[in-house]
Each structure stands twice: as structure tokens, then as C-alpha cells.
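Please look through the model below before reading my notes. I have kept them brief.

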Amino acid sequence: MNATAETVTKSDAAVFDVERIRADFPILAERAHGQPLAYLDNAATSQKPQAVIDAVNHYYRHQNANVHRGVHLLSERATEVYEGARDRVRDFINARSSREVVFVRGTTEGINLVAHSLGRGFRKGDEVVISHMEHHSNIVPWQQLRDQLGIVLKVAPINQAGELDMEAFEALLGERTKLVSVTHVSNALGTINPVRRIIELAHGRDIPVLLDGAQAVPHAGVDVQALDCEFYVFSGHKMFAPTGIGVLYGKEALLERMPPFQGGGEMIKMVTFDRTVYAELPHKFEAGTPNIAGAAGLGAAVAYLNAVGMDRIAAYEHQLLTYGTEQLQQVPGARIIGTARDKAAVLSVVLDGVHAHDIGTIVDRKGVAVRSGHHCAMPVMQFFKVAATARASLAFYNTRDELDRFCDALRYAREVLV
Ligand SMILES: Cc1ncc(COP(=O)(O)O)c(C=O)c1O
């Protein structure tokens, strides 16, 4: 059964019926190597509920056309779906206006957009502050800007728990700081950063803040007005929507002042060979034919998440995290990398005497999908002096039983490899 406002009501808030949720995700019924699939790789990408699959299917069967251009019926339908999804996202993150919701390919493109647009105005010696726990997508674009423009990249350190050192962070903010760009939740460690405090400190010095929300939006309610950040970016595919669609939220006044990222169709009002007048927000930043089917899926994912309830999702995942942490602590030789006090449901593990890649392979044979590697956060691995970790990252359709199976598989890996 699909979760809708009718089927999941506030009255069952106390009992999180995970089996009912699981029934909404057809792929969870797959078997892996003859075992029931335990999908614990949600930080990499999430699975899709039937409602999202149906929305994409429906789009191609009944609504497919290009947006904004045609007056014919299908074009109107496609535009309605696309702009309707934008309005849903606006409400979901509580943006003031749909003009502040720019569709992009994903978090990576959202950060690159800001780096190439806002960043184009930076000068040699200007500074961008990031943290040691960033995903590569919030490191490399700024390094590229450093190489092109001579800006300085400052990196706020973390401690052994994987928490941001807030004193050191504050000390990095200065006259030349043009932007603070940090992750809301770390994909490699699960750390939830104190983003309100980060924003308060930055705003105290008139510094704009970009938050990478890729790992936050799927797991807890996000309110961009309450946060008061200048930019917030996230990926559809990590929040139960298709790949190739994501969101850059930006404060309207700032977006208005920023030059377009890419040029082409869709982002113009008028073109002659002499000059171009750009389209209004948010279209100014959406050059070319967009991912309309992806937007249809994203709109459906947002409706689905609203029906389940972000507060309930956050509470349930927190229970899973607590349980998984306790169980992992009892696995001989296992050590959790990332023990922040405020943590999302990410369990990055190293096992004495066993390489993370071997863990991944052995665990996979038991039907458990986890990710082994650096998780696109090599500086985090360097800080903890590990080559890689095996990471279980949870979603609200995961169960205690799946965590038990992960722990059993780790025990088995130790038995056969050490
Ligand atoms: C914290 C964080 N930022 C950015 C990204 C990049 O997201 P995408 O590949 O969807 O652009 C990821 C993906 O794992 C992530 O976890």
C-alpha cells in the first residue's frame, strides 16, 4: 500500500509500522545471493517508493512534452508537473518563494553553480571556509576557484569524534571570508553539524552560508527560513526521488544579483547577436531542457515523505542508530568511525585485520548492501588514518533485523579472514 495522507495518519505516530512502509518500496523484496536484500547504502542513493515510480511512469505515458514553450495540451501538462514539483519543494523546505527553488542535477551541480556564479565575483586573496568533513563535491569546486582566481580555501578542523571544532571554525572567519560552505550532515561520519550556530557566527560578520543538505533532507525536516542560510543544496536521488534532479535553494535577493551559471535555451527572455536578456528567477539558472520526469518523481517523493512525516522518520531512524551502535559495539574488532553526540543514522565501521573492501564483499554475499571505500570524503579517511570504512547508512525502511544481519556478517568476516 502506498503511504498517503489517509493511510499514514498522525494517530499512528507512536507506532512506526516499518513493514507497511517497506511494502511501498518494491525493490526491497529483491533477493541478493539467495538472501533477502538488506539495503543499507542509503547515503549513496535511496530506493524509490511505488508512488515515485508511478509518477515517472505517468509522466511519460500522459504528460511528456517540453516545458514552458508550447501552448499545446501536453506541454501545458508537463509545465504543470514541473512547476508543481517546484512548489512542493518550496513548501517542503519552507522557502519564501518558488523563485528561490532552482532545479539542478543534484548537490554537486548546485555547489558548482554557486562556485561558478557567486564565486566569479571573488578576488585573489578572498577566502572560502569549508570543513574537514566535506564530501569532495564541496571541496573540489572551491579548489578549482582557488586555481583560477587565487582565492584561499580555509578548512575548519574536526575532533576525534568527528565533530566540528567550533572555536577553530570561528577563528577562521575574517574580513576576507566571502562564503562559508559546510555540510549539514556528514555522509562519511553521520555528524550533524551545529548549523544554526555556524550561520549565526557567519552572519555576525556578514558572511553568507551554503549548507550541503544531501544527507540531511531525507532524514529530518529542514526549514530554510528558520535556518536563515543563504544557500541550501540537496539531491533528489538520496530522498527517494530519481537520479538527475536536485535543488539549489537560494535567497532571492542574492540569486537576483548572481550571474547565470550556464547559457542557452530556457534561461533567456530575449536574444539578439548583440545581447541577451536573462529570464526571471529561477529560470535564469536552468539552461536547457530540464529533467522533467525527475521533477515529477521528486514532487511525488516530497508528497510521500510528507505523508509519512519527517518527524516520525527522524525519530525512527534515531532508534535504529542507537540500536545499531549498541550492536556494533559488541562485534569483536569493530570500531565505529564517527561518534559525534549529534548524529544521523550512519554507521561507518573498521574491523581489525580486515580491509573494508573485503568486508563489503563478504557482507554482500550475505545479502547485506553496504558501501566500502572513502565515501567521496578522502580527507576524513586521512584524518582517521584509515584507508576506507564499511558504511551502513540507514533509511526509514530499514529494520533492526537488517542491522543484526550486518553485525553477524561482520563477525563472520572476522572468522574467515583473521
Ligand atoms: C554530503 C554529500 N554532499 C554531496 C554529495 C553529492 O551528491 P550528488 O552525487 O547527488 O551530487 C553527497 C553524495 O553522496 C553527499 O553525501
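The points below cover a helix, a sheet and a loop residue.

1. Basis. This is a predicted model: local features need pLDDT of at least 70, side-chain atom pairs count only at pLDDT 80 or more, and totals for chains, interfaces and linings use all residues. Residues are numbered from 1 along each chain as its sequence is written, and side-chain values use heavy atoms, leaving out hydrogens and water.

2. Helix H11. This helix spans residues 310-329 and has 20 residues. Helices (H or I, at least four residues) and strands (E, at least two) are DSSP runs, numbered from the N terminus. Several residues of H11 are buried, including Tyr316, Leu320 and Gly324. Buried means under 20% relative accessible area, with a 1.4 Å probe and protein chains only. Among the elements covering them are H3 (73-93), H10 (292-308) and E13 (334-337).

3. The sheet. Four strands form an open sheet in the order E13-E14-E17-E16, with antiparallel pairing. Two strands pair if DSSP finds at least two bridges between them. E13 and E16 (371-373) stand at the edges with a single partner strand each, so one side of each has no neighbour in the sheet.

4. The E13 and E14 pair. Four bridges join these antiparallel strands, E13 and E14. Ala334 has Leu351 in E14 as its bridge partner.

5. Ser97. Where is Ser97 found? Ser97 sits in the loop between H3 and strand E4 (101-104). Ser97 counts as buried because its relative accessibility is 17%. Leaving aside neighbours within four places in sequence, Ser97 is in contact (heavy atoms within 4.5 Å) with Arg90 and Glu252.

Terms used: Expected span 1.5 Å × (residues − 1). Buried < 20%, exposed > 50% of the residue type's maximum accessible area, 1.4 Å probe, protein only.
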